[in-house]
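Hi,

Here is the structure I said I would pass on.

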Amino acid sequence: MNIWDPAHECISRDELEQLQLERLQATINRVHKNVVHYRKQFNDLGVIPEDISALADLSKLPLTSKDDINRNYPYGMFAVPLREVVRIHSSSGIGSKPIVAGYTKNDIRIWSNLVARFMTAAGVTRDDLVQVTFHYGLFTGAFGLHYGAETIGASVIPMGTGNTERQIMIMQDYKSTVLVSTPSYALELAFRMEQLGINPKSLSLKVGLLGGEPWSETMRTQIEQGLAISATDNYGLSEVIGPGIAGECSCKNGLHFYEDAFLPEIIDPDTGKVLQPGSEGELVITTLTKEAFPLIRYRTRDITSLDYAPCACGRTLVRMKRISRRSDDMLIIRGVNVYPSQIEEAVFGAVQGEAPYQIVVDRTAAMDNMEVIIEITDKIFTLELQKQRSFLELVKKRITSITGINTSVKLVEAGSIPRPSGKIPRVLDRRQI
Ligand code: DLL
């Protein structure tokens with residue numbers, strides 16, 4: 001069993017805590033000096049960097065939220081001048097403005113090595129051919145895995161998203177051995193191969209590195225059987241770095257969390273209090289090495305727990321339980337993050353007022369579908385048919401421009417959306433994972 005960075009992945013807890021403290025103090029000093037948002041917060045609390053003399057002191061500092069990042073859009077939370085930033089990625093914000101993440105050269109080097117950890121843990125070596133089916137663009141997934149694979153010395157096939165039959169053809173002809181995708185797209189590939197009568201064992205594929213959205217053990221079994229591969233889970237979020245925060249080893253019993261680079265805490269999402277080790281709650285992350293966009297106590301909104309028991313693989317880094325839900329209402333549709341507030345902004349903007357609506361999410365075969373249904377209000381009713389059609393087109397366009405995804409939009413009779421407790425639930429998520 002190969003380990004990419006044994007010095008860090010198998011470090012003793014004492015040494016790890018020492019390293020974490022040194023890195024934490026350096027990070028706190030850096031943000032205090034260079035990021036107005038943090039300096040102001042520390043000053044308001046009467047905290048100076050020297051007050052952080054032990055890891056436990058971290059809880060003296062305030063939590064950081066997506067709202068804070070949004071308020072400092074686009075570059076206000078960066079701790080280096082823009083000339084030192086060599087890459088920019090982004091992810092959806094809560095409203096119409098995205099979250100912007102910057103990386104220095106050193107950040108990219110560290111990120112690539114973190115990704116190389118879970119790739120190696122899944123069995124990837126320099127002899128592999130890695131087919132990346134994530135979207136190459138502002139999303140961190142494709143570039144993160146791409147650079148990780150190149151760091152290992154594997155060959156990368158940068159396919160990008162979609163065109164499932166072409167993906168399968170390339171997989172057959174180029175003899176891809178590793179699939180990089182979301183779990184739902186891996187399942188979609190398996191369904192399509194079955195439809196096409198292709199025996200997965202006739203391919204060279206052996207490993208699937210899956211992440212970017214929640215999935216389950218049932219889905220893992222379907223994917224492993226449908227593609228004849230071993231599939232592992234990897235986790236990350238754009239604000240913190242992208243993929244490369246945690247990843248499974250071959251034991252497939254929790255994701256090793258890269259604690260030398262990110263300090264995890266588990267809090268009660270309602271009170272913000274730090275919970276006992278092992279408790280389930282919201283994951284909060286402090287970055288320990290990032291130069292361009294460090295984050296202090298960032299609320300991920302992802303619900304999980306941490307297991308400090310030793311792992312049979314020999315890695316000592318704590319294991320994080322699969323993420324199965326969130327403490328907010330963010331949806332992940334085909335790997336893309338969408339907030340109901342963004343849909344509301346699109347609908348209300350088109351109506352130029354309010355209208356009763358609901359977001360319905362479903363999964364057919366392995367594909368997520370999102371539909372927005374809007375009840376006909378008096379204002380919409382008085383529009384002639386042609387204008388109703390252009391109204392629907394306008395809502396669709398607004399949703400795509402804010403969220404980046406296509407959705408269908410439909411008008412329904414007034415009062416026809418069920419109101420179980422008097423109000424229309426904003427989201428009806430029928431997906432089973
Ligand atoms: O999804 C980064 C990533 C790309 C991770 C590719 C792994 C592979 P964002 O678009 O910012 O970044 O979305 C981050 O997606 O807060 C979780 O809610 C969810 N998420 C990511 N990975 C997993 C996973 C990327 N393995 C948000 N299991 C996170 C469950 C996941 N949820």
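**What I found**

Arg-297 is a buried residue, with a relative accessible area of 4%. Before going further, please keep in mind that this is a predicted model. Arg-297 sits in the loop between β11 (281-287) and β12 (298-304), and its phi is positive, about 50°, although it is not a glycine.

Ala-365 also has a positive phi, near 50°, in a residue other than glycine. Is Ala-365 buried or exposed? It is exposed, with a relative accessible area of 57%. You will find Ala-365 in the loop between β18 (357-364) and β19.

One more backbone detail: the peptide bond joining Tyr-73 and Pro-74 is cis, with omega at about -10°. Pro-74 belongs to the loop between α4 (66-71) and β1 (87-91).

**The sheet and its helix**

Now to the strands. β20, β19, β18 and β21, in that order, form an open sheet of four strands with mixed pairing. Why is one side of β20 and of β21 left without a neighbour in the sheet? β20 (408-412) and β21 (427-429) stand at the edges and each has a single partner strand, so there is no neighbour on one side. From one strand to the next, the twist averages 25°.

Strand β19 (residues 367-375) and β20 run parallel and are joined by five bridges.

Gln-388 is buried, at a relative accessible area of 14%. Leaving aside residues up to four places away in sequence, Gln-388 touches Ile-380, Phe-381, Leu-383 and Leu-411.

Helix α2 (residues 13-34) and α3 have axes that come within 6 Å and cross at roughly 100°. That makes α2 roughly perpendicular to α3, because angles from 65 to 115 degrees count that way. On the α2 side, the residues that meet α3 include Ile-28, Val-31 and His-32. Among their counterparts in α3 are Tyr-38 and Phe-42, and those two come up again below.

**Rings**

How many aromatic pairs does a search of the whole structure find? It finds seven. In one of them, the ring centres of Tyr-38 and Phe-42 are 6.3 Å apart and the planes are at 45°, so this pair is tilted. Both residues lie in helix α3 (residues 36-45), four residues apart, or about one turn of the helix. Tyr-38 is buried, with a relative accessible area of 1%, and Phe-42 is buried with a value of 1%.

Tyr-103 and Trp-111 form a stacked pair, 4.8 Å centre to centre with 15° between the planes. Tyr-103 and Trp-111 are both buried. There is also an aromatic cluster made up of Tyr-75, Phe-78 and Phe-293.

Arg-87 is over the face of Tyr-147, 4.7 Å from the ring centre. Arg-322 has its charged end over the ring of Trp-215, at 4.7 Å from the centre.

Cheers

Terms used
Residues are numbered from 1 along each chain as its sequence is written. This is a predicted model: local features need pLDDT of at least 70, side-chain atom pairs count only at pLDDT 80 or more; totals for chains, interfaces and linings use all residues. Side-chain values use heavy atoms; hydrogens and water are left out. Rings of Phe, Tyr and Trp (its six-membered ring) pair if their centres lie within 6.5 Å; planes under 30 degrees apart count as stacked, over 60 as edge-to-face and the rest as tilted. Buried means under 20% relative accessible area, exposed over 50%, partly exposed in between (1.4 Å probe, protein chains only). A charge sits over a ring if NZ of Lys or CZ of Arg is within 6 Å of the ring centre and within 35 degrees of the ring normal. Contact means heavy atoms within 4.5 Å. Two strands pair if DSSP finds at least two bridges between them. Axes are lines fitted to C-alpha atoms, for helices over the stretch in contact, and angles run from 0 to 180 degrees between N-to-C directions. Angles under 35 degrees count as roughly parallel, over 145 as roughly antiparallel, 65 to 115 as roughly perpendicular and the rest as oblique.
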